[in-house]
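Reader: I'm new to this one. Could you walk me through how to read it?

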Amino acid sequence: KGWAAAGLLDANRSAASDPYPAPREKFTATTNVRAVESNAEVVAKTDVIILAVKPQTMSAALAEVRSSLTDKKLVVSIAAGITLKQLAENLGTNTRLVRVMPNTPCLLGASAAGFAVGPAATKADGDLVARLFNAVGKAYAVPESQLDAVTGLSGSGPAFVYVLIEALADGGVRVGLPRDIALSLAAQTVFGSAKMVLETGTHPAALKDAVASPGGTTIAGLHALERAGFRAAAMDAVEAAAKRATELGSKN
Ligand SMILES: NC(=O)C1=CN([C@@H]2O[C@H](COP(=O)(O)OP(=O)(O)OC[C@H]3O[C@@H](n4cnc5c(N)ncnc54)[C@H](OP(=O)(O)O)[C@@H]3O)[C@@H](O)[C@H]2O)C=CC1
Ligand SMILES: O=C(O)[C@@H]1CCC=N1
């Protein structure tokens with residue numbers, strides 16, 4: 001959807017697959033790209049193959065595509081935890097592979113992604129993947145050993161931020177705001193604060209200090225956050241998600 005909005009999907013040269021008709025129809029209605037039942041058909045007709053199934057179903061999907069692969073194809077996996085080595089073991093060591101961890105805001109062109117290029121992939125393959133994922137947000141090349149950490153931070157991170165937005169809105173409702181206004185204020189506050197960090201280049205600690213007047217409202221709220229262990233909870237969330245990514249790789 002993000003690539004379609006960015007004008008990167010040529011309907012004549014792109015295709016997708018899914019086992020069920022309903023998601024295929026929805027995909028085609030959204031992107032104008034053909035969707036078929038057969039993975040092998042997609043692989044035969046395209047040069048860049050995106051593997052976007054759950055880690056638990058990856059080995060079944062790989063078995064379906066392996067025989068259609070040639071050295072003209074680039075294979076990109078976005079599965080959490082599944083390593084380049086595991087992919088190469090299933091698809092052949094000469095397969096040109098790139099592993100990416102994007103996040104759902106790619107749907108709106110605001111993704112944060114990390115990627116690592118496999119040993120048989122070329123520099124042009126890495127450049128293409130960077131171009132694709134920079135077209136729907138920001139993409140950073142990282143060593144593969146850091147991809148589970150990327151998963152814990154930015155892959156899973158949107159869910160952590162949604163919980164924060166929901167909780168801020170609940171706080172607003174608790175102190176008397178209507179629900180719709182509270183939710184808009186909460187989401188816009190997270191959006192604006194992220195924009196401040198990204199566009200001013202100022203450290204978040206300095207931006208926080210600039211909001212907190214001596215003896216004022218913000219420092220009272222910050223004290224409540226610190227007392228509740230907010231920072232440790234956020235760090236623990238990233239660590240737990242990163243560990244789970246590693247686990248998913250080793251079990252699948
Ligand atoms: N969700 C997220 O925020 C992120 C997810 N990822 C990774 O993306 C991958 C997909 O996750 P997500 O989009 O959430 O999962 P979904 O379940 O939404 O999407 C996976 C799709 O693959 C289909 N599918 C299942 N088996 C096959 C198969 N053998 N061949 C073709 N299609 C198949 C499923 O069909 P059906 O459901 O009808 O069986 C489903 O439509 C995962 O590996 C995940 O780790 C990466 C970054 C962020
Ligand atoms: O929860 C998951 O497993 C996937 C991977 C990153 C975000 N969602």
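Author: The C-alpha centres of domain 1 and domain 2 lie 32 Å apart. The protein is divided into domain 1 (2–144) and domain 2 (157–250), with bounds from an automatic or database domain assignment. This is a predicted model: local features need pLDDT of at least 70, side-chain atom pairs count only at pLDDT 80 or more, and totals for chains, interfaces and linings use all residues. Residues are numbered from 1 along each chain as its sequence is written, while chains are lettered from A and ligands numbered from 1 in the order in which they are written.

Reader: How many residues does each domain bring to the contact?

Author: Two residues are in contact if their C-beta atoms, placed from the backbone, lie within 7 Å. Here, domain 1 gives nine residues and domain 2 gives seven residues.

Reader: And which residues of α6 are buried, and which are exposed?

Author: Count the other C-beta atoms (placed from the backbone) within 10 Å of a residue's own: 20 or more is buried, 12 or fewer exposed, in between partly exposed. In α6, Val 129, Leu 132 and Phe 133 are buried. Seen down the axis of α6, the buried residues fall within an arc of 85° (taken from the directions from the helix axis to the C-beta atoms), so they line one face of the helix. On the other side, Lys 123, Ala 124, Asp 127 and Arg 131 are exposed.

Reader: What do the buried residues of α6 pack against?

Author: Helices (H or I, at least four residues) and strands (E, at least two) are DSSP runs, numbered from the N terminus. The buried residues of α6 pack against α1 (2–5), plus β4 (74–77), β5 (96–101), β6 (111–117) and β7 (137–141).
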